Amino acid sequence: MSYKNFPMVSKVIFGRGSFNQLSDIIEPKRLNTSAPFIFFVDDIFKGDAWLTSRIPLSYQDKVVYVSTIEEPKTEQIDQYVEDIILNFKERPSGIIGIGGGSLLDIAKAVAIMLNNDGESKDYQGWDLVKNPAVYHVGIPTISGTGAEVSRTTILTGPERKLGINSDYTPFDQVLLDPELTKDVPKDQWFYTGMDCYVHCIESLSGTYLNAFSQTYGEKALELCQEIFLSDDLSEQESQDKLMMASWHGGMSIAYSQVGVAHAMSYGLGYLLGVKHGIGNCIVFDHLEAYYPEGVAEFKKMKAKHNITLPQGICADLSDKDFNTMIKVALSLEPLWENAIGKNWKKTITHDTLKALYQKM
C-alpha cells in the first residue's frame, strides 16, 4: 500500500486586519526591483479604496483586475502568462490572488504556467505539472470554496472543466482576513458557503474517507451547521467561522474527494457557464437519493435564509447539450468512485444523469 505524500500551504496568517501586513509578508520574497509582484484582484474591488489603497505596490508591481462573470478558462490563463512574459524583463517575484475561488484559481494557474511550458489545457488532470510554480499567495475575500488550501485550480478548457491537480498548485502563503468578507452579497455568501457544506457531505459519506479527511470534514460541517442554522452568532463571529469552515472543508478533500454534486455541477459549468457555488446548490437540491440527510438539512438552510434557486435551467436543452454535460460529468471518475464505489459504472449511466439534469 502506498500513500500519497501531499503538500500543504506552508505559511498562513489569520486575523481581522491582517491584510495590512501583506507588505511585510511578501517583500522578503522580492527577487529584485525588476521582478514584479503581480496582483490579480476581483474587479468588484475596482474603485474600492478601502481595499485597493492597501495593496502594497513598489517598483514595477502591477494590479490586474479580473471580471468573474465567467469562471476561469485555460485560454485566459495562457493570455495572462503571455502578457507577463512580454511586458516584464524578468519572471515575477510572486503572484497574489485577491478575491473568491475564481481569483485564487487564476493566481495558482498563472504561477504554475509561468514555470511550465505549453498551454494550461495540457495540465488539466492529476499530477501532470513538472516544475514548481512561481511563489504565490492567496487572499480570499469570500469564504467557502476551499480554493485557498486545495491542491487544484479549476479551469474550463476547450474539452472539459477540470482542475490542474498537482503538488505545485497549493499556495506558498495564505492570508485569512475575515474582515475582507464584510460586503459579500447575501445570496453569494450562501452559495459559496454551501460549496463548503457540500464538500463536507460528499467527503464524509464517500468511499475514500479516512480519519484525516474525516476530522477536517466533521469540523467544517459543524461550523457550517452553526453558521447557517443557529441564531447565536454575531456577524463578525459568522465571518470568522465561515473562513475557518472553508479552510477545513478544503483540507478534508486532500485525502478524499468530492462526489455527485460536484461532478454534475462541472457539467452545468462547462455547457451553461453556471458558476460553481450556485451550480452545486442547483444539483444538490435534487440528490436525495445519494445524500438524504445532507439534502434535507440543505433545504432547511435554504428556507431559513430565504434563498430561491434558479429553476428550469435545463428545460430547453437539446439531446446534444445533455450529452455534452453528461460526458463532462462522467469523465470525473475519482468523484464517482468516491461517491458510489469502484463499481459505480453499473448504476451511474447516461440515462441516470439525464434524468437528474432534466429536473434542474
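Modeller: Let me begin with burial, keeping in mind that this is a predicted model: a residue is called buried when its relative accessible area is under 20%, and exposed when that area is over 50%. By that cut-off, buried residues make up 56% of the 360 residues in the chain.

Colleague: What makes the chain as compact as a globular protein of that length?

Modeller: The chain has 13 helices and nine strands. Its radius of gyration is 20 Å, which is close to the 21 Å that the globule rule gives for 360 residues, and therefore the chain counts as being as compact as a globular protein of that length. Along the principal axes, the C-alpha trace spans about 60 × 50 × 45 Å.

Colleague: How many of the contacts between residues at least 6 apart in sequence join residues at least 24 apart?

Modeller: Taking a contact to mean heavy atoms within 4.5 Å, 78% of the contacts in that set join residues at least 24 apart.

Colleague: Why is helix H8 described as largely enclosed by the rest of the structure?

Modeller: The limit for burial is under 20% relative accessible area, and 10 of the 13 residues of H8 are buried, so the helix is largely enclosed by the rest of the structure. Among these buried residues are His262, Met264, Tyr266 and Leu268.

Colleague: What span is expected for H8, and what span does the helix reach?

Modeller: H8 covers residues 260–272, and at 1.5 Å a residue the expected span is 18 Å. From its first C-alpha to its last the helix reaches 18 Å, which is close to that expectation. After H8 comes Gly273, whose phi is positive, near 70°.

Colleague: Why is strand S8 called mostly covered?

Modeller: Setting the strand against the cut-off of under 20%, five of the five residues of S8, residues 161–165, are buried, and the strand is accordingly described as mostly covered.

Colleague: How do you know which strands pair with S8?

Modeller: Pairing requires at least two bridges between two strands. Strand S5, residues 125–126, is joined to S8 by two bridges and runs parallel to it, with Trp126 standing opposite Asn165. Strand S7, residues 154–156, is joined to S8 by three bridges and runs antiparallel, with Thr156 standing opposite Lys161. Because the requirement is at least two bridges, S5 qualifies with two and S7 qualifies with three. A hairpin through four residues also joins S7 to S8.

Key: Residues are numbered from 1 along each chain as its sequence is written. This is a predicted model: local features need pLDDT of at least 70, side-chain atom pairs count only at pLDDT 80 or more; totals for chains, interfaces and linings use all residues. Side-chain values use heavy atoms; hydrogens and water are left out. The expected span of a helix is 1.5 Å times one less than its number of residues. Buried means under 20% relative accessible area, exposed over 50%, partly exposed in between (1.4 Å probe, protein chains only). The radius of gyration is taken over C-alpha atoms; the globule rule is 2.2 Å times the number of residues to the power 0.38.
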